[in-house]
Amino acid sequence: MLAQPYHLYVERTDAAKNMARFYALSIEPTLFGTPCLTRRWGRIGSTGQSLVHHFDREDEAVLMFLDLLKAKRARGYKTRPQL
């Protein structure tokens with residue numbers, strides 16, 4: 001069972017390049033109780049693509065979550081401001 005929920009949604013937009021992208025990460029338990037990391041990405045407004053990674057331990061999933069977050073932040077993705 002997961003110690004806490006992990007969910008993240010970030011966006012990268014640049015009007016000059018006609019760029020509007022999103023990237024979403026979440027760690028959730030499977031039916032068997034093992035953690036899985038789900039990644040979704042694509043153009044804002046579209047369904048996009050997804051990829052699921054299965055892990056034996058939560059700390060492995062969290063480590064990959066943090067590595068992906070670091071890479072996306074380095075490329076300019078930011079959390080969407082709350083209105």
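Biologist: With which residue does arginine 80 form a salt bridge?

Modeller: This is a predicted model. In it, the closest N and O atoms of the pair are 3.7 Å apart, which is inside the cut-off because a salt bridge requires a side-chain nitrogen of Lys or Arg within 4 Å of a carboxyl oxygen of Asp or Glu. The partner of arginine 80 is glutamate 11.

Biologist: How many residues apart in sequence are the parts that this pair ties together?

Modeller: Glutamate 11 belongs to strand β1 (residues 6-14), whereas arginine 80 lies in the segment after β5 (78-79). The pair therefore ties together parts whose separation in sequence is 69 residues.

Biologist: Is glutamate 11 buried or exposed?

Modeller: Buried means under 20% relative accessible area. The relative accessibility of glutamate 11 is 15%, so this residue counts as buried.

Biologist: What pattern does the chain follow when read along the sequence?

Modeller: The chain contains one helix and five strands. Read along the sequence, their pattern is β-β-β-β-α-β.

Biologist: How far apart are the mean positions of the positive and negative charges of the chain?

Modeller: The chain has 13 positive and 8 negative charges. The separation between their mean positions is 13 Å.

Note on methods: Residues numbered from 1 in each chain as written. Predicted model: local features only at pLDDT ≥ 70, side-chain atom pairs only at ≥ 80, totals over all residues. Heavy atoms only, no water. Helix = DSSP H or I, 4+ residues; strand = E, 2+ residues; numbered from the N terminus. Lys, Arg positive; Asp, Glu negative; His and termini not counted. Charge placed at Lys NZ, Arg CZ, Asp CG, Glu CD. Buried < 20%, exposed > 50% of the residue type's maximum accessible area, 1.4 Å probe, protein only.
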